[in-house]
Amino acid sequence: MKIGGYLCTGCGIGDRLDTKSLETVAVREGRIGFCKTHDFLCSQAGVDMIKADMAAEGDEKVTKAVIMACSRRAKTESFHFGATPVARVNLREGVIWIRPEGSEHDETTQEMAADYIRMGCAEAKAMQQADASGEQSKNNHIMVVGGGMTGMTAALEASKAGYYASIIEKADHLGGVMGQLKQRQPERSPYQNPQDTGVAALIAAVEADDKITVYLNSTIAKTAGAPGRFEVDIASTVGTGTHAEFGAIVQATGFTPYDANKLPEFSYGKTPNVVTQLELEALALAAGDGPIKRADGKIVENVVFVQCAGQRSQKEGHLSYCSGHCCATSIKQAMYFKDTNPEIETTVLFDDIRTPGAGGENFYRSAQDKFVTFRKGKVSTVDVKGNDLQVNFKDLILDEDAHMDADLVVLATGMLPNSGTDIDTMKDKDASGEIKVPVTSILNLNYRQGPDVPHLVNGFADSHFICFPYETRRTGIYTAGPVRRPMDAGQAQTDAMGAVMKAIQAIENSASGRAAHPRSGDLSFPTFRKEGCTQCKRCTVECPFGAIDEDEKGYPKYNEARCRRCGTCMGACPVQVISFKNYSIETVGAQLKAVDVPDEFQEKPRILVLACENDAYPALDMAAMKRNESSAFIRVIPVRCLGSTNTIWIKDALGSGYDGVVMMGCKKGADYQCHFVKGSEMAHVRMEKIGDTLSTMNLESERVAVHEVAITDIDRAPKLLDEMVEVINRVGLSPFKF
Amino acid sequence: MTTAVNQAMVEKYKGNFLKEVTDNVEEGSWVKMCMQCGVCSGSCPLGPHWDHPPQELFMMIRANKREEVLSSTSMWMCTSCYNCVARCPRGLPITHIMHGLAHYSKRMGMKPKHQPTEQFGQMFWDNLTKKGRVNELKLGLGLYFKDGFAEGVKVSMGKQKLGLNMMKAKRMSPMEMLGGHGVKDLSGFHAMLKKAEELEAARVGENTDAK
Amino acid sequence: MAKHEYSYYPGCSSQKGASSSNLEKSVETLCEELDIKLNPIPDWNCCGASIGYAGGGELPRMTLSARNLALSEKHHPDQDVVATCAACWLNTREVQERLNHNPTLKAETNIALQSVKLEYKGNKKVRHMVEVLIEDIGYDVLGSKVKKPLEGLKIAGYVGCQTNRPFGIDGESFENPMYLDKMVETLGAEALTKYDKKVACCSGALMFSEPEKGQALVKDIIESAYDSGANMIVTPCPLCQANVEIYQDDINARYKTKFDMPVMYYSQLMDVAFGRSALDAALNGNIIQSKRLREIADK
Amino acid sequence: MTDVVATNQTIIVVGGGISGMTAALEATETGKQVILLEKRPYLGGRVSQLYKYFPKMCHPTCGQEINQRRIKMNQNLTVLTQAEVANISGNTGDYTVSVTLTPRYVNNHCTACGECAKAATTEFDDEFNYNMGKRKGVYLPNAMAFPQHYVIDQRLIGTAEADAAKAACKYGAIDLDQQVETLDLKAGAVIFATGWKPYDANKIQPYGYDRFANVITNVEFERLMDPHGPTGGKLLRPSDGKEAKNVAFIQCAGSRDKNHLAHCSRICCMASLKQTNYVQEKFGDDGKSTIYYIDMRAIDRFDDFYQKVQDNPNVSFIKSKVAKVEEDKASGNPVLHGVDTEGYKRYANQHDLVVLATGMEPSVDFKGFPVKIMVNDEGFIEQDDSNGGIFAAGVASDALDVNRAVQHATAAALRAVQVVNQVAGA
């Protein structure tokens, strides 16, 4: 049982550095079992050498390895040895590629390399093999909340993949909003005519599927547990409730139509002849194959569609966003009229016609071909004129105020997501006169951080990430359909499939203890030392993923399967009792302590750099690939997320003679780019507090800097480090060098 | 003054000008397909002289501005350069629609007064249909005298040098005054045009019958 | 028996004593050189040009070209129809496309054609003379015929509208056709390929009805030619030729310019380059002469 | 000889762009055997050539880093680059896909140390920068390139330079004798994530992309902003290297147009709105942008982004399809001619630079595909049961933005998983 060191002398490492003395540093100071050198360590021969040592028996067996070669981003596959902990010492991108050649630099460059080796050895010593907790369980059953088109599609697709599904529907029937439509916009070439909604077929398929259970008149009273072991109480408005267990959850709770009563300027409510798109569907269904009639029985001969009614508007009570489907929906509805009787006048008053893609544009052209008239106009009011109506608008093309008569006006109003409680405000938004989002909880999660999935914007429970639309802050729970984002039926069905894919993945991952994206496959998970815990609750509050509950005494209760392994809890803990086997206060603390801090007379400052492993560290890496020079005084430690940075590290660093600390995390704020949501922001907050510590130590506050660094900052990142060097030149070396 | 057929049309289409244009104007069935991008309007060489460029005319048609469209001088500004046709993203044969609208406005008796292109165009048509081929000299002189004799003398004096140049170059022949070129089967030619005009009138006429 | 034979539609302005008789003459010469036989469509009539719409409705105008096509189908069944005039070519080709596209219109046209005992089938290929030169003869052959390279001529190739849109010469761009420049280079002259008015409009028939507006357009066309260093404009279109050449005096008077820009037909340049006389090339048919071109022709 | 294990429970994903990577990862992280084929020598596809994403203005390479790390850590996923599908035969649950591997001339011994490139001199147009810059014939395609191996340009083979590069490599990574290989791989399902190519702007003649240096495309504009790009991230126009402070964006350049692409490419409006931010980023209030549009298609919450840009006094909007672009000879400035259709106003506007918002064309012509699949008139694959175990992911299915493409790719992964699970008799 020993730690093996492997020093590569390839890629110029051997030429630029005194590797003999580095070996000595590794063994004597790093105090690891041995240090072998190889001139091409990533070659099959090199890797086989390492594997052989790991396969050895007894004392000779290498159980941890220190790879002293290139960046952890290079040759990752070659130096990946299953569960065996590996510390990567970055001598190539981290040292020789950022340091100029020439004897005058050799000393500092060599010191840099030696320090990184000391750090790597220390890290390896502190790391332990991460294995799954063993408390995994597998449950092949997906709970689908909502029995509309999205929900039914999700259940059927899950079943098709060999999994079970239960649909929880609050109404007494399946179908949702799509079930109230006459037809939907075309999904297939040539995209010219409305098509059947397919809802009836879906309902039939769901009822025929023995892998699918349907709970009608039902809501969710309580959701507890975690992926692989969700415990759900299903309440019924008609019968007695049920308790069921699920592996994952798809939330397809759809939307509520915008309340058109907020649009008095369009005379909605004053007359039954001003209707919303959804209300027109009812008239169309009632008409069957015959002509569409108004409430008063008059056959409609002249209908006007008002687009963006109460949408794309900053007016109080209006929706700022666009609901996406309404242009195509009005086109479809105009066709309801034209297809029964071409003589019926149909006019669409729009600002922008938004019919994207191949299908959309063809559908638009088809409507024009059927004599649906489109006018770019802004509708100011709709007046009641006897039994009929007058639509007043500004024709933006003819640049004049205009009006037209109509016997029916259809308002293209928007969608409000049924996303449950907004846990960030936990209050009814309507109180402030804003958009009313239904605030009764949908999932009733018993999570410490609130009963529903966090909202992104406008009440939609969407992912914040462009590359990762199914990123969720509640592992194992995936939203799909209009609750996630305004969308049409076709998109919602695709969305249902995407969500089911992720749900299945969550089931499989939780069964084996693997983390979900972005640290996919990570087996480590946080644990805490109960003796030290002060029940301060910071970890439970700060966890971006609501993974940590509290027991009755207020101690944290970890739910491994919900956890995303970012370490924010570890960074938050004021008494440093939280750790992962392979990533802990110790693995980083030991590294920074391992650095050999020269006494002040040598005038060689030491700067600790803590860099986000996903953005800042790659940026420094790519800067090195460009051979951008960096200071010889920096010592970089990659962290899972800046949110995992515990202030103790900063204190220790400053206390042990470092002259400055630079932290590099992702963008924070509304458009945050931190892949663990608030990690970067938390770090900034904590570091604001470090000021006190600094002053008690009589240290200048400039010695600690926190920066937002993007992966593209290949030129900026090294400059930020040079800035710290200048600061130290200005304020002088740390007095804490012993 | 507007024609009887004009009244009949107004009657028939009850303010649905788009339908009227679709049914009766050359290539008029394309008007509905315009998406108001305006590329035609920007492509026209005489654009600045259009009160209403094509795309706007199409919008006016949808807005039932029958009077304004048919009495407009705009479509008479078309030089038949086909820039609009070549660039239209919806494939509208805009040049033909402009010709069609111009002709229709004439047929409805709503053409603008003293529109030179309208006058010249009529002259050209009369000239070519007379003999089956154009007599450029007569056409030219006709043009100069279109606004009456005195005007004509002035204009033609101004154009004297040009005329002489052309004669020198043998590209204008006084012989044209007497007889000049023409088709041999003139009677057949005239019969053909007459028939065509009948058929077309019938089409419009039949459209004007009450439903 | 000539190598290439075509059913020829001359059009009104190409007639003897008409405005583009010099085009007619120079094309005749060209055809002798290239062993091309143009068989005029017997008793052809005017195509209605682009201004006929004022007086003529859709159908009557259709019948004009339909009659010509029907005559060609009857008398020259196996020959492509070829026109030298842009408007004639455009109208004839367009009418055929529109009739073949619209059964009602085609039927009605044929009813009208009964009065001249003709039937229109619509199976003809309607081509521009330039297409014949490019596709059937080819630049190489044209080049090989050059006896007197047109050295010293800096030529702005002015394609205009109707030779170029909506059909255009096969494979050429609407905005930047290159064939005229290629021809010019083939003949040993310098082509000013950056000439930016090459597809601008000369106002067509509106030059007669709206002279001020028309001349404003022509002014830009000539000005830009001077700016690009041209000492000659060449065009394939009779109306372009006339509009750009014959109003230069008026334009000079109106805009205080000193335009004296020769405007020739591609066919005239070819005749001269192929060694034919100024007379054969109908150079005297131009109001503004190019000294340089004459020198080459006379040497 | 490349050897890859594949069974009829394997999922083959064609195309290593963001959609392909996503489909492959989602399937493989659910425990499936996946082979990812990419015809370029590296993964990342089109988005790796973008500077920022709308509406967050974050960097595509950030997500690419995560995805590439997921790939590196996953044992069930095999990546083959410079790999193209030559043929497909068989049926759902039992396909044989023959793959052509063109040589890289560099094997996986490569440590990306760069010694070989030092030995090379000849330069070629840099495809990664849409040929706006040059790269050597021995090169790492880009800083994020995965696999992180150098490439030797086919055109260098047989030259002394190639031999010099080989000699410079201490690790036997250069193999100039590599030949084209063909592999026959079994698969239960095949996902086509073949993505898009920018519509050829040369075909949009009125805008003179082929004639005027200062008329460029929106994808080229992205490269100008990228610190790794041809200008090192400076917004300089091609003709004279002058700062492009007054930029025109022409929407629907080749889209919604029967002369070009009949469909709406969906992303171009948002792309231009995003790119107006670039102009601000570089020049602040000195940076002016004008967007010439037919309809602004900022769908769903993207409209909030649109409204933000509308509030920016340095950005103006003109509802007009530009008729034509001319060049001011003296300044080299493009001059845009057209009519503002909102109230009929003519314009002839000079700008420093014109960016054509060119649309998306499917990069593969699926007509004449080895097996019968449903393809619409626009050239995109339509989901249909008759397609069997062959599925589209991302833009192969329709013009989509990144977020929707990834969503679609995740759904495509499920379709494939359904097939192989049925094969496995799950």
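This report describes chain contacts, domains and selected strands and residues in a predicted model.

## Contacts between chains

Among the 5 pairs of chains that touch, chains A and D have the most contacts. The contact draws 70 residues from chain A and 65 residues from chain D. On the chain A side, the elements that each supply at least two residues are α6 (149–160), α10 (357–369), α11 (489–512) and α15 (616–625). Of the elements of chain A, α11(A) gives the most to the side that touches chain D, namely 10 residues. Sorted by class, the side of chain A that touches chain D holds 31 nonpolar, 23 polar and 16 charged residues.

Chain D also touches chain C, with 4 residues of chain D in contact with 5 residues of chain C. The chain D side of that contact consists of 1 nonpolar, 1 polar and 2 charged residues. Chains A and C, by contrast, do not touch, and 18 Å separates their nearest C-alpha atoms.

## Domains of chains B and C

For chain C, the domain assignment gives domain 1 as 4–129 and domain 2 as 138–298. The C-alpha centres of these two domains of chain C are 25 Å apart. Contact between them involves 21 residues of domain 1 of chain C and 26 residues of domain 2 of chain C. By class, the side of domain 1 of chain C that touches domain 2 of chain C divides into 9 nonpolar, 9 polar and 3 charged residues.

Chain B is likewise assigned domain 1 (4–113) and domain 2 (116–196). In chain B, the C-alpha centres of domain 1 and domain 2 lie 29 Å apart.

## A parallel sheet in chain A

Chain A contains an open sheet of 4 strands, in the order β2-β1-β3-β4, with parallel pairing. Its edge strands are β2 (34–38) and β4 (86–90) of chain A, each of which pairs on one side only. From one strand to the next, the twist averages 20 degrees.

Within this sheet, strand β1 (residues 2–8) of chain A runs parallel to β2(A), and 5 bridges join the two. A:Cys8 stands opposite A:His38, which belongs to β2(A). Helix α2 (residues 19–29) of chain A packs on the sheet and touches β1 and β2 of chain A. The direction of this helix makes about 155 degrees with that of β2(A).

Strand β1 of chain D covers residues 11–14. D:Ile11 and D:Val13 point one way from the strand, D:Ile12 and D:Val14 point the other way, and all are buried.

β1(D) pairs in the parallel sense with strand β2 (residues 34–38) of chain D over 4 bridges. In this pairing, D:Ile12 has D:Ile35 of β2(D) as its bridge partner. Together with helix α1 (residues 18–28) of chain D, β1(D) and β2(D) make a right-handed β-α-β unit. β1(D) also pairs in the parallel sense with strand β11 (residues 189–192) of chain D, over 4 bridges. The bridge partner of D:Ile11 in β11(D) is D:Ala189.

## Surroundings of D:Thr217

D:Thr217 lies in strand β13 (residues 215–217) of chain D. Is D:Thr217 buried or exposed? D:Thr217 counts as buried because 22 C-beta neighbours fall inside 10 Å, and the cut-off for a buried residue is 20 or more.

Apart from neighbours within four places in sequence, D:Thr217 is in contact with D:Pro198, D:Ala201, D:Leu356 and D:Thr358. D:Arg237 is 20 residues away from D:Thr217 along the chain, and the C-alpha atoms of the two are separated by 12 Å.

Key
Residues numbered from 1 in each chain as written. Chains lettered and ligands numbered in written order. Predicted model: local features only at pLDDT ≥ 70, side-chain atom pairs only at ≥ 80, totals over all residues. Contact = placed C-beta atoms within 7 Å. Nonpolar A, V, L, I, M, F, W, Y, C, P; charged D, E, K, R; others polar. Buried ≥ 20, exposed ≤ 12 C-beta atoms within 10 Å, placed from the backbone. Pairing = 2+ DSSP bridges. Right-handed = clockwise from strand over helix to strand, strands pointing away. Domains from an automatic or database assignment. Axes fitted to C-alpha atoms, helices over the stretch in contact; angles between N-to-C directions.
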